[in-house]
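The following paragraphs walk through a predicted model.

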Amino acid sequence: MIRIVTLDRIDPSDVAALSGTLYRAFGVGTEYAGDKPAPPEAELKDGRLEALKLLREAPHVRSLPDDKVLYITSAPLALKAGPLGEPPCFGFADFGGERAVITTAKLPARGVSEASVEAWRKRLAREAIHALGHTWDLHHCYDAKCAMHPSWSQGLPERPDSELCVFCREKSERKIRLAKT
Amino acid sequence: MRGPPARHPDEQREQLPAVEGTIADAAELKVGDRVVYPNQGVCAVVGVEEKDIAGQKLQLVRMQREEDGAAVLVPKNKVPSIGLRRVATGAQMEGVFHYLAAQFDDPELDWKVRHRDNADRLIAGGVLGVAEVVKGLHSLSRIRPLPTKEREQYDNARHLLVHEIAVSLGVPAVLAEDYVDFALMPPAGVKFDLKPPPKPVLLPSRPKKRRPAAGEGEDDLGLGDLGLDLDLAGALEGGAAVPGADVPGAEGEEAEGGEAHAEGEGAEPAREAPEAAPEAEGEDEEAPARPAKAKAGKAKPAEKAKAPPRAKAAAKPKAAAPKAAARKPAKAAAKPAAKRGGKKK
C-alpha cells in the first residue's frame, strides 16, 4: 500500500489523479493519509527543506511493513553537495526503504487550463513514481521515456511520460511480489 | 577523451599492478573492517572461524554484506586471489567523478569483447573499473538500447558503484546515485571544472580464438616447414590473371582490397593509444596455431610494426598482374565467357 501525505495544501483532485496513476504504475493500492506539517528541523535558512532530514523527521504515518509513504511538499528541497556540486532535487527517497518525498517547486506552473493542469498532474505522477521506484530498489534508467530517468536530464522530453520502462517495471514487480504483506 | 583502452597485451594478470587498496594478505583484515568483495559489494568483516569441510579444517573469513546482511565466507588463503579490496578513499572517488563527467564517445562496439571486458573490469578493476563499465554502457545506450544481458550488467555495475560511493562518502545510496547521474548527465547549462581523469584500468590479455579472414595468414600455411620453395603469390596470380585478363579492373580491385585490408591493420597501431598498439599484433600471432612463430612475433613486436608482411604480400599482386596477363593472352581469349569472369561479375 502507498500512503500519500501532503505537507502543504494540494488540490484533492490532484491527489486523486495521482493515486490512480500510482496504482497503474505499481499495481499497489494507494491511500491519502492526510495533511501534516513539515518538520521544522529540516528547514534551511534559504527557505528550502533539507531532503534527508525531512525524511528522517517527517511526521509518522500509521503503516504496515512493506507499505510506502510518499510525502508531497511545495517547498524546494536541498541536498548535500557532492564532489561536483549539488544535484537538482525533484524528490528524494530511502533506497529500499519506506519513505519518499517529492516537491512541486520544480515542476512547471500548474496553470488553470485543462491541458496545463493535466500536464502538471502527469509530471507530478512521474516524480512520485520515480521517488517510489527508489524505495523498491530501482536505480536510475538511461531510457529517457522511463520515469526512472533523472528528472534534470537534458534528454528528458518536454512532457515526459509517467510510466516505467519494461526493465524497471519487471524489476519493481519482482520486488513487490517478494513483499511479505 | 577516448574510452578505456584495450586489454593489456603482454603482461599476465599477476604481473599487472594491483588495484589500489587490494588486500594482499588475510592478516590485514580486522573485525569491523569494511571491504569490497568484487561483484558482491561492500561487506563488513565479522571475524575468522574454523570449519570442518570435507574432512579438512579450513580457516574462513566471515563477512557480512552491508546491503542485505548476507553472510560471505572466504577461505583465508583465497583472500589475496579474489580481489578483496578496501573501500575507495575520497581521493579515488574524486577521480571517479571526474572520469564520469569527462567526454566519452568511443564505446566498444563488439558485444563479445565488451561483455568480457566489462565482466573483468567489475571483478579486477576496482572502483574505477566499475565506473568504466557504467560509463561505457551508458554511452553505448545513447547509440542504441542495451540488450537484456548488458542491461542487467549495467544495472549491477550501477548498483555496486552507487553503494561503494555511498559508503565512501557517507551519504545515502539515492544521493550517491544522484551524484553519479549529475556527473553522467549534467543538467542544461552546468559545466564542470574537470581535472584529468585517472589512468584507465589495465586488463590482462586473454588468448583470443579468432577465425582468420579470407586471404589472411597466407604465409602461415606451413609450406616453409615442408622445405618447398613455392611462389604461392605468383601461382595464385597466374590463376587469377587468366580470367581477369579481359577485366583488368577486377584484378586491380582484388589487390586494392587486400592492400586496403593490410593498410587498415597496419594503420591501427597509429590510431590507437600506445598501449593498444601491440594488441593488434598479439591478435595476429595468436590466430594461427604455430607457437614458435607466435613467440618470435611477441619477442620483436617493433620489427613487425615496421614492415607488416601482409601489406607486402598485398602490394605484390598489383605489380605481378600485368606480367601474368601477358604470359597467356591466347588461352584467356579462347576460354568461354561464362568461365572467365563468373565470380568477377
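Chain B contributes 26 residues to the contact and chain A contributes 21 residues. On the side of chain B that touches chain A, the elements giving two or more residues are helix 1 (90-101), helix 3 (126-143), helix 4 (148-169) and helix 5 (173-184) of chain B. Helix 5 of chain B gives the most to this side, with nine residues. Sorted by class, the side of chain B that touches chain A holds 16 nonpolar, three polar and seven charged residues.

Chain B also has paired strands. Strand 1 (residues 34-37) of chain B runs antiparallel to strand 2 (residues 41-53) of chain B, and four bridges join the pair. Within this pairing, B:Gly41 in strand 2 of chain B stands opposite B:Tyr37. The two strands form a hairpin with three residues between them, and B:Asn39 in the turn has a positive phi of about 70 degrees.

Strand 2 of chain B pairs in the antiparallel sense with strand 3 (residues 56-65) of chain B as well, over ten bridges. Here B:Cys43 has B:Arg65 in strand 3 of chain B as its bridge partner. Two residues lie between the strands of this hairpin, where B:Ala54 takes a positive phi near 55 degrees.

In chain A, the loop between strand 7 (99-103) and helix 3 (114-135) contains A:Gly111. A:Gly111 counts as exposed because it has 12 C-beta neighbours inside 10 Å. Leaving aside residues up to four places away in sequence, A:Gly111 touches A:Ser116, A:Val117 and A:Trp120.

Methods:
Residues are numbered from 1 along each chain as its sequence is written. Chains are lettered from A and ligands numbered from 1 in the order in which they are written. This is a predicted model: local features need pLDDT of at least 70, side-chain atom pairs count only at pLDDT 80 or more; totals for chains, interfaces and linings use all residues. A residue is buried if 20 or more other C-beta atoms lie within 10 Å of its own, exposed if 12 or fewer, and partly exposed in between; C-beta atoms are placed from the backbone. Two residues are in contact if their C-beta atoms, placed from the backbone, lie within 7 Å. Ala, Val, Leu, Ile, Met, Phe, Trp, Tyr, Cys and Pro count as nonpolar, Asp, Glu, Lys and Arg as charged, and the others, Gly among them, as polar. Two strands pair if DSSP finds at least two bridges between them.
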